[in-house]
Amino acid sequence: MAGHSKFKNIMHRKGAQDKKRSNLFSKLSREITVAAKMGAADVDMNPRLRLAVNNAKGQSMPKDNIQRAIDKASGGDEENYEELRYEGYGPGGSAIIVEALTDNRNRTATAVRTAFAKNGGNLGTEGSVAHGFERLGYIEYSAEAGGEDKVLEAAMEAGAEDIQSGKDGHEIWTASDDLHQVASDLEKALGEPETVKLAWKPNLTVDLDEKDAVILLKLIDQLDDDDDVQTVWGNYEISDEVMDKLDAE
């Protein structure tokens, strides 16, 4: 239950969304509102809402923004968001899963299809790539949370299934049904995590060269820029050498 991973490249470069803080806050708010609508407006009674709030805190979203998003649900917000999943193929044979929350599925479908088409990919049917992923719980801590041994011990005590540590931090995986409990136990031992969410973890990854990596990252940036898109997952691996070249450009 230990190991090292370059999973940071699977989720796109660290900090890429930090440049789009208002866009990120909008997405976090939407998830909080939807979670509060689907259950109680109390984080202790609503696991999905607790996860959404924890994610917002991990991204330094102000408490007032979080409370407004919760109040929006209980205040009879007329917007009804639908959860959608899109699956497709990107450059280099990579597989991509896009999760969205939208009040207009036609608008979102068009935007996602266009992003794939313009960036060396093509949109597939539902189930076309999901079979190559596992639906798991994902918890992320920064390196400041502690060394690998400390985090490994805490993760084992909390009942996590796997941990991957590296210089950028720690990624902890759980069964999807165990995510809420494991995250709560880890918070007592390590403090608040940076990320707590349900994730798509690839069973196998594909290595991309510099040319394909450039195109793929443009695809992910375009998807991330869409307000309806909540998360983008992929099975691609980009070596540190290639990433260093791209970051230097």
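**A tour from the aromatic pair to the cores**

Select Tyr 138 to start: at 0% relative accessibility it counts as buried (under 20% relative accessible area with a 1.4 Å probe, protein chains only; over 50% is exposed, in between partly exposed). This is a predicted model, in which local features need pLDDT of at least 70 and side-chain atom pairs count only at pLDDT 80 or more, while totals for chains, interfaces and linings use all residues. Residues are numbered from 1 along each chain as its sequence is written, and side-chain values use heavy atoms, leaving out hydrogens and water.

Tyr 138 and Trp 173 form a tilted aromatic pair, 4.9 Å centre to centre with 50° between the planes. Rings of Phe, Tyr and Trp (its six-membered ring) pair if their centres lie within 6.5 Å; planes under 30 degrees apart are stacked, over 60 edge-to-face, the rest tilted. Tyr 138 is in strand β4 (residues 133-142) and Trp 173 in strand β6 (residues 169-175), 35 residues apart. Strands (E, at least two residues) and helices (H or I, at least four) are DSSP runs, numbered from the N terminus.

Next, select Val 98 and Leu 223, which have the most contacts inside the largest nonpolar core, a set of 23 residues. Such a core joins buried Ala, Val, Leu, Ile, Met, Phe, Trp, Tyr and Cys residues through side-chain atoms within 4.5 Å. Helix α8 gives the most to this core, six residues.

Apart from it lies another core of 18 residues, including Leu 51 and Leu 179.

Finish at Ala 117 in helix α5 (residues 105-118), which counts as exposed at 59% relative accessibility.
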